[in-house]
Amino acid sequence: MNEREAALRRAAELGLDYLAGLDERHVGARADATAIAQRIGGLLPEAGTDAVSVVEELAGAADPGIVASVGPRYFGFVIGGALPAAAATDWLVGAWGQNAALHALSPAAAAAEQVAGRWMLELLGLPADASVGLPTGAGLGNAIGLAAGRHAVLARAGWDVEAHGLYGAPEITVLIGEEAHATVLTALQYLGLGRDRVVRVPTDDQGRIRADSAAAALAAVDGPLIAVLQAGNVNTGAFDPVDEIADAVADHPNTWIHVDGAFGLWAAVSPSLRHLVEGVDRADSWSTDAHKWLNVGYDCGFVAVRDAEAHRAAMSASASYLMRSEQRENWEWTLDSSRRARGFVLYAAIRSLGREGVQALVERCCMLARRMADRLRDAEGVEVLNDVVLNQVMVRFGGSDERTREVIAAVQADGTAWMGGTTWKGVAAMRISVSNWSTTEADADRTVDAILRCAASA
Ligand SMILES: *Cc1c(COP(=O)(O)O)cnc(C)c1O
């Protein structure tokens with residue numbers, strides 16, 4: 001066996017061993033970055049090391065700092081695992097090593113994005129002729145959607161923002177909710193629209209933009225307008241009233257609505273959840289993640305734009321660029337040029353589940369979130385703070401911030417499951433996000449048992 005083959009086979013073995021041990025593994029990390037850096041660090045090596053040893057030593061040394069977030073009892077942030085077909089395809093993509101920027105570099109990668117992009121639009125109930133891009137995640141998807149919006153509203157006002165920048169441009173009013181995700185603010189920061197010069201609309205107890213406040217704020221707007229709405233709040237899972245706000249926005253002549261639906265947009269795949277995304281198809285751009293709820297593994301975001309020309313104008317270099325062909329070029333729809341071929345993995349995930357499988361995955365996670373919330377709500381001294389409309393649950397213990405933080409720390413140290421904390425409307429809470437394809441009822445029950453056991457002894 002040559003060195004390459006030996007190293008790849010060893011990596012596959014180590015990966016499979018890791019996955020086989022997931023169910024019993026301590027879910028959170030057992031060492032921090034400083035400790036891991038001590039294990040793997042040292043001086044820049046002068047001489048090389050054979051590939052098999054590099055892989056083995058790294059796997060051993062990194063192990064305590066590996067978080068079992070692909071496993072069934074990781075409920076932190078909003079984190080997806082990796083479906084079997086997606087994980088396997090990802091390994092193959094590593095071997096293929098395609099640069100997905102251009103058709104000329106990989107016709108197969110171009111084809112995978114085209115097909116997967118079309119399937120995504122259909123799954124999510126978005127216009128079939130929208131343009132699509134595969135950024136690293138929904139955060140950069142927000143930046144892309146807003147860049148397309150910036151292009152469009154300024155073009156209508158007679159200004160070429162790509163050529164002339166924002167100096168001297170007509171002012172754009174940007175309207176966002178108080179609960180907009182942090183990446184919406186960074187997108188505004190990248191685009192010269194400013195984090196602080198936005199109109200922030202108040203939200204209700206679930207974190208939804210108040211439609212009456214939005215209408216009042218919109219009444220004062222004159223000139224180009226970009227409104228950023230949210231489908232799926234990271235804490236509560238709640239949705240902004242997109243339909244109502246779209247009605248109010250429709251009175252303005254020059255507007256753009258962007259929807260940040262990193263995980264919430266997936267409600268569209270389920271007839272029983274679809275009411276939550278009512279009106280979302282009236283927006284101009286949408287950002288979501290495949291690496292969260294679709295469980296493609298990291299990384300894969302998805303952005304779609306109704307006006308393909310605005311999308312391309314905002315993202316691409318000069319039209320005379322020498323590699324431009326008659327084909328759709330992947331790099332014209334995202335901020336990257338060279339990048340990995342994540343389209344293959346997205347394709348594999350959708351193909352392995354089919355529409356029915358995606359629906360079942362989303363509905364199962366929501367069912368498990370309700371199951372966990374119901375048991376927790378029934379327990380003494382435990383309060384569920386949100387309406388569990390999707391896959392997110394917020395829990396508070398003993399009516400106290402201190403006690404809530406103690407329970408979160410105890411659960412993390414226990415290792416049966418992992419969940420993080422948040423602050424919701426001024427009070428501390430534990431966040432549970434059920435987003436993994438492999439989580440079962442038994443995992444949900446075992447996790448609630450662990451939470452209640454930790455709460456009793458913390
Ligand atoms: C996770 C999330 C994002 C950012 O997505 P990344 O995949 O981290 O880029 C943006 N908005 C919402 C609502 C999210 O939940």
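This is a predicted model: local features need pLDDT of at least 70, side-chain atom pairs count only at pLDDT 80 or more; totals for chains, interfaces and linings use all residues.

Me: Why is Arg-355 called partly exposed?

Reply: Its relative accessible area is 48%. That value falls between the 20% and 50% cut-offs, so Arg-355 counts as partly exposed. Glu-122 has 48% relative accessibility as well, and therefore gets the label partly exposed too.

Me: What makes Arg-355 and Glu-122 a salt bridge?

Reply: The rule wants a side-chain nitrogen of Lys or Arg within 4 Å of a carboxyl oxygen of Asp or Glu. Here the closest N and O atoms are 2.8 Å apart, so the pair passes. Arg-355 lies in helix H12 and Glu-122 in helix H5, so the bridge ties together parts that are 233 residues apart in sequence.

Me: How do you know that Arg-339 and Glu-113 form a salt bridge?

Reply: Their closest N and O atoms are 2.5 Å apart, which is within 4 Å, so the label holds. Arg-339 sits in the loop between helix H11 (308-315) and helix H12 (342-378), while Glu-113 is in helix H5 (residues 107-123), so this pair ties together parts 226 residues apart in sequence. Both Arg-339 and Glu-113 are buried.

Me: And what about Arg-25 and Asp-63: buried, partly exposed or exposed?

Reply: Arg-25 comes in at 13% relative accessibility, under the 20% cut-off, so Arg-25 is buried. Asp-63 has 25%, between 20% and 50%, so Asp-63 is partly exposed. Their side chains meet in a salt bridge, with 3.0 Å from N to O. The pair links distant parts of the chain, 38 residues apart: Arg-25 is in the loop between helix H1 (3-20) and helix H2 (33-40), and Asp-63 is in the loop between helix H3 (51-62) and helix H4 (84-96). The structure holds 29 salt bridges.

Me: What makes Arg-446 and Glu-24 a salt bridge?

Reply: The closest N and O atoms are 3.4 Å apart, within the 4 Å limit, so Arg-446 and Glu-24 qualify.

Me: How is the chain divided, and where do domain 1 and domain 3 stand?

Reply: There's domain 1 (3-63), domain 2 (91-349) and domain 3 (360-457). The centres of domain 1 and domain 3 are 32 Å apart, taken over C-alpha atoms. Six residues from domain 1 and nine from domain 3 take part in the contact.

Me: What area is buried between domain 1 and domain 3?

Reply: About 430 Å², with carbon and sulfur atoms giving 42% of that. On the domain 1 side, Asp-23, His-26 and Val-27 supply 75% of the area buried against domain 3, more than any other three residues. The rule finds two salt bridges across this interface, along with three residue pairs in polar contact. The residues of domain 1 that touch domain 3 divide into one nonpolar, two polar and three charged.

Methods
Residues are numbered from 1 along each chain as its sequence is written. Side-chain values use heavy atoms; hydrogens and water are left out. Domain bounds come from an automatic or database domain assignment. Contact means heavy atoms within 4.5 Å. Buried area is the accessible area (1.4 Å probe) that two parts lose on being put together, summed over both. A polar contact is a pair of N or O atoms within 3.5 Å; within protein, one must be able to donate a hydrogen and the other to accept it, and residues adjacent in sequence count only if both atoms are side-chain atoms. Ala, Val, Leu, Ile, Met, Phe, Trp, Tyr, Cys and Pro count as nonpolar, Asp, Glu, Lys and Arg as charged, and the others, Gly among them, as polar. Helices (H or I, at least four residues) and strands (E, at least two) are DSSP runs, numbered from the N terminus. Buried means under 20% relative accessible area, exposed over 50%, partly exposed in between (1.4 Å probe, protein chains only).
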